[in-house]
Amino acid sequence: MTYEELIRELCDVIKESETNSISIYEDLETIGTLVNKMKVPSEDAKKINDLISNSFGLLQHQDLHRQKIERVVNYVCEHNSIDSSEYNIASSAKFIAGDTASDNVSNSELEDLIKNMQN
């Protein structure tokens, strides 16, 4: 697999992830609005709203993973003289809010990951 093929596949994952996240977010907001308009017992409404809130948290966590994939794509492009503009992805943040020290991927870890993918 060439770097360009790898980047294309990762970009497809990024775009699909973004599209799905938007749809899920909108659906959860609609559900929350409907529950609040309906005559649902307050205990049940609280449970539903808690589940919606948890789902928003999972979406945020998923978005952190999408951003990490973007970092890998941008790293591969940068270190292999590949024009990233043709893949229509955002430039990468060096640090993503919510990352912890154990979650951060260093340049050497990225290099190792890419080398392993080539094997």
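The legends below describe close-up views of a predicted model.

View 1. Helix 1 covers residues 3-37, which makes 35 residues.

**View 2. Buried residues of helix 1.** An α-helix has 3.6 residues a turn, so residues three or four places apart point the same way.

**View 3. Packing of helix 1 against helix 2.** Two packed helices are described by the angle and the distance between their axes. The axis of helix 1 comes within 10 Å of that of helix 2 (residues 42-79), and the two cross at roughly 165°. Because angles over 145 degrees count as roughly antiparallel, helix 1 and helix 2 are roughly antiparallel to each other. Their crossing is left-handed. The residues of this contact comprise 21 nonpolar, seven polar and four charged.

**View 4. Cys11 and Cys77.** Cys11 is buried, with a relative accessible area of 3%. Cys77 also counts as buried, at 2% relative accessibility. The cysteine sulfur closest to that of Cys11 belongs to Cys77, at 7.1 Å, which is too far for a bond. A disulfide requires sulfur atoms within 2.5 Å, and by this rule the count of disulfides is zero.

Notes
Residues numbered from 1 in each chain as written. Predicted model: local features only at pLDDT ≥ 70, side-chain atom pairs only at ≥ 80, totals over all residues. Heavy atoms only, no water. Helix = DSSP H or I, 4+ residues; strand = E, 2+ residues; numbered from the N terminus. Expected span 1.5 Å × (residues − 1). Buried < 20%, exposed > 50% of the residue type's maximum accessible area, 1.4 Å probe, protein only. Axes fitted to C-alpha atoms, helices over the stretch in contact; angles between N-to-C directions. Parallel < 35°, antiparallel > 145°, perpendicular 65-115°, else oblique. Left-handed = near helix turned anticlockwise from the far one by under 90°. Nonpolar A, V, L, I, M, F, W, Y, C, P; charged D, E, K, R; others polar.
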